[in-house]
Amino acid sequence: MSEVGEKLRSARMERGYTIDDLQKKTKIQKRYLIAIEDGKFDQLPGDFYVRAFVKQYAESVGLNSQDLLEEYGDEIPQVQPKEAPHEPQKPKKESVLNSLRAHLPQISILAVVLVIVCLIVFVMAQVHRQTAHQIPNNTRIETKSTPTKKKTVSKKKPSKTKQTAPVKKQLQIEADTNKTDTYSISNWTVDSSHTLKLTATNADAWITVQSGNQGQSLWQGLINAGADHEVEVPTDVQQLQIRTGNAAATHIQINDVAVPL
């Protein structure tokens, strides 16, 4: 057993948690928790998840995760940056000139084709600019109430006025200036469900979603680079807590409205 694994195990036992209890609390698989305590980090999916799972384990048993990662930095694997590709050797000037001379006819034809394509695109752009209508770019949806007209009602045949359904307002998400990574949502309705869309832009991201008011896990998992995942949020949820292992590659939307991370 490694030193960091022994420290985490001791903290878990001091709080009276079993491995099964910790699995329910962190949503990390039991076999990964046992591997962390035994110091068998090679059994985890990768170096990134070793640090992410150790950090979440430490926070769940009341330890300072940042201090723990710094104290046992030599024992916990570091995320290795990708190696920069080797620059190809620059060809000699003479070989470049010879290659240009050999392909001069093809280059001339390609240049003529490019000029023709550019002319066609320019003409089409001018025609489109003259015929296209300008569309306003408004992101807010405002509701307007229409005045109702009074109608005379006869005694024999009373008429009923139809009630129009209220227009659903778009969500407004603003950052809380008093708290870090905290946002408030306006126009949240409880008569319909809401959709949380999680996207990993250019790298993988491990994301956990919990309902803050109930402490219930709604979803957790790994989203590959370029992929996304949608989570249906119940109407009675008043607070959401989202944790990501790669904030730089995480994009969040609620009902198609982006959270201004």
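Predicted model: local features only at pLDDT ≥ 70, side-chain atom pairs only at ≥ 80, totals over all residues.

Q: Why is the contact between Arg243 and Glu59 called a salt bridge?

A: The label requires a side-chain nitrogen of Lys or Arg within 4 Å of a carboxyl oxygen of Asp or Glu, and the N to O distance for Arg243 and Glu59 is 3.8 Å, so the pair qualifies. Arg243 belongs to strand β7 (residues 240-244) and Glu59 to helix α4 (residues 47-60), and therefore the pair ties together parts that are 184 residues apart in sequence.

Q: How do you know whether Glu37 and Arg12 are buried or exposed?

A: Glu37 has a relative accessible area of 6% and Arg12 has 8% relative accessibility; because buried means under 20%, Glu37 is buried, and Arg12 counts as buried. Their side chains meet in a salt bridge with an N to O distance of 2.7 Å.

Q: What makes Glu71 and Lys7 a salt bridge?

A: Their N to O distance is 3.2 Å, and the cut-off is within 4 Å, so the side chains of Glu71 and Lys7 meet the rule. Glu71 lies in helix α5 (residues 65-71) and Lys7 in helix α1 (residues 3-14), so this pair links parts that are 64 residues apart in sequence.

Q: How many salt bridges does the rule give?

A: The count comes to 4 salt bridges.

Terms used:
Residues numbered from 1 in each chain as written. Heavy atoms only, no water. Helix = DSSP H or I, 4+ residues; strand = E, 2+ residues; numbered from the N terminus. Buried < 20%, exposed > 50% of the residue type's maximum accessible area, 1.4 Å probe, protein only.
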